[in-house]
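Me: I have a protein model open and would like to learn how to read it. Could you walk me through its features one at a time?

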Amino acid sequence: MIIYKDIVSDDEIISDTFKLVPSKDCDILWEADCRKYMKRKNEDFALEGANPSAEDADEEGGEGEAVMVHDIEDQFRLVWLKYEDGLKPSKENYKSYLKGYIKKLNKRVAETKTPEELKAWQEKVKVAMKKVTANYDNYDLLMGESMNGDAMYVLIDFREDGVTPYATVWADGLKEEKV
């Protein structure tokens, strides 16, 4: 199996168990359908000898409670990127983040490609950035387990059927690790 890790944070982002395909609009973005939402029950535990009070019983995450998650979120311990008010970053904040992230990718790509290939890649980046920012309102943003704000954000949207979620990642922002 191949695990794809983020080049900035070294967080596991996705694996080859998900069918990664280049985006139809831009091949430097990879897409992978997420599997159906899974129910995951919150785990409760008690220390041996502990006597939970009645106050603790009212807290969220009680026994039997389930939450809906994407399988990619669950398998790779991805974290939803939201502010305290429950909102995701503004489009302008995301654009600012994306410019910094692209600079990191550009540095990596420049190490492995000829100047002509780099120029072609940079043209593809413009197309990819345009696609991502135009569709920003539809995306949910997830980040790796380390919650490194400079690392890749995984973008989650739904296919045209409105039911099938899919993840979008930057192909050049991933490194392979065979396990």
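Predicted model: local features only at pLDDT ≥ 70, side-chain atom pairs only at ≥ 80, totals over all residues.

Me: Let's begin with the overall make-up. How many helices and strands does the protein chain have?

Reply: The chain has four helices and 11 strands. Of its 179 residues, 36% count as buried. Among contacts with a separation of 6 or more, 65% are between residues 24 or more positions apart.

Me: Now the sheet. In what order do the strands of the open sheet lie?

Reply: As a general idea, strands of a sheet pair through backbone hydrogen bonds, either parallel or antiparallel. Here six strands line up as S3-S4-S10-S9-S8-S7, with antiparallel pairing. Strand S3 (21-22) and strand S7 (79-80) stand at the edges with a single partner strand each, so one side of each lacks a neighbour in the sheet. S3 and S4 are joined by two bridges, and Val-21 stands opposite Glu-31 in S4.

Me: Next, the core. Which residues of the largest nonpolar core touch the most other members?

Reply: That core has 40 residues, and those touching the most other members are Ile-13, Ile-14, Ile-72, Tyr-94, Leu-141, Val-154 and Trp-170. Several elements supply at least two residues each, among them strand S1 (2-6), helix H3 (91-112) and helix H4 (115-134). H3 gives the most, with seven residues. To see one member up close, select Ile-13: beyond its sequence neighbours within four places, its contacts include Ile-72, Phe-76, Val-154 and Leu-174.

Me: Finally, the charged residues. Which residue forms a salt bridge with Lys-5 at 3.1 Å?

Reply: In general, side chains of opposite charge can pair when their charged atoms come close. In this model the count comes to 11 salt bridges. The partner you ask about is Glu-177; Lys-5 sits in strand S1 and Glu-177 in strand S11, 172 residues apart. Lys-5 also meets Asp-10, at 4.0 Å from N to O. Asp-10 in turn forms a salt bridge with Lys-175 at 2.8 Å, linking the loop between S1 and S2 to strand S11.

Me: Are Lys-5 and Asp-10 buried or partly exposed?

Reply: Lys-5 has 12% relative accessibility, so it counts as buried, whereas Asp-10, at 38%, counts as partly exposed.

Note on methods: Residues numbered from 1 in each chain as written. Heavy atoms only, no water. Buried < 20%, exposed > 50% of the residue type's maximum accessible area, 1.4 Å probe, protein only. Contact = heavy atoms within 4.5 Å. Core = buried A, V, L, I, M, F, W, Y, C linked by side-chain atoms within 4.5 Å. Pairing = 2+ DSSP bridges. Salt bridge = Lys/Arg side-chain N within 4 Å of Asp/Glu carboxyl O.
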